[in-house]
Amino acid sequence: MILEILRSSALKNLVIVLSIGSQLTSHILTPVVAMMEASSTTWHREGAPLGQFVSRGIQQLNLISPLIIYSYAMQQQSNYIRRNISRFKGEIGITLNTVWMVPYSSSELDVKAAQRALDFMYGWFLHPLVYGEYPEIMQSLVGSRLPKFTEEQIEMLKGSFDFLGLNYYTGNYAADVPVRGGNISSTTDSMARLSTVDVYGVPIGYPSGSIFLVYPKGLYDLLIYTKKKYKNPTIYITETGFSDLKDGNIEHAIEDPQRINFYNRHFWVVREALK
């Protein structure tokens, strides 16, 4: 499909996006002519050569990311795609889902837990594409279960994206978990417990019609963090939005003040982040 798109002489611009870990159906990008989605829910790499997979289920999710990341880099480095991307003045990028992590309390342990949680959700995929390795805390906590990139893979990964797409909807509080328990998984490895209320019972945001609490400040913090931590990449906000709160008032729904407020606040924080 991608090769057929690249052969089309009618294209003036081209953007190829690889989406990680979501069931994305559309992007707010202009123009978007191709989207590749990688599913990471049921496969596991068990010390085998790249491409040899063993089905293990979601509990082994933390070992799939090298396959996804390396597959992305292989697409990025494809000679055919690169030649044609240049012809069409296009770009190749990667879209990541994340929430912003806020410490559950002001304790040093919870502050560190928030950073760990972010590294295990966001840095897991982005850090290798910038620095060629996983975040240090992941290497420390996951240990030998985390596969190592070869030197060739490292060179292929570093700087292998033209832009970063962000899917952002909400934030979470992260509390320290002193002892890792339960099944080994990507959620227990971070040793952080996520919640939508802090130690005082204060919600992280205001309600919407879905499970996501609206937290615009998290988008601001995420943009600033990405700029400083990951060398100021070009960023597209590929997903965000507000779910309707149904109150039975048709006029209220038509006027849509909650959605207007949502976008006003999110546009404002993006503008602040650009300063």
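Buried residues, meaning those under 20% relative accessible area with a 1.4 Å probe on protein chains only, make up 47% of the 275 residues in the chain. This is a predicted model: local features need pLDDT of at least 70, side-chain atom pairs count only at pLDDT 80 or more, and totals for chains, interfaces and linings use all residues. Numbering runs from 1 along each chain as its sequence is written, and side-chain values use heavy atoms, without hydrogens or water.

Next, the overall layout. The chain has 10 helices and 10 strands. These are DSSP runs, H or I of at least four residues for helices, E of at least two for strands, numbered from the N terminus. Take contacts, meaning heavy atoms within 4.5 Å. Of those with a separation of 6 or more, 65% join residues 24 or more positions apart.

Now strand β5, residues 91–97. Of its 7 residues, 5 are buried, so β5 is largely enclosed by the rest of the structure. It pairs with β7, residues 163–167, in the parallel sense over 5 bridges. Pairing takes at least two DSSP bridges. Asn-97 stands opposite Asn-167 in β7.

On to two helices. How do α8 and α10 cross? The axes of α8, residues 216–229, and α10, residues 257–274, come within 9 Å and cross at roughly 25°. Those axes are lines fitted to C-alpha atoms over the stretch in contact, with angles from 0 to 180 degrees between N-to-C directions. The two helices are therefore roughly parallel, the term for angles under 35 degrees. Among the residues making the contact are Leu-219 and Tyr-220 of α8, and Arg-265 and Val-269 of α10.

Methods
Buried < 20%, exposed > 50% of the residue type's maximum accessible area, 1.4 Å probe, protein only. Parallel < 35°, antiparallel > 145°, perpendicular 65-115°, else oblique.
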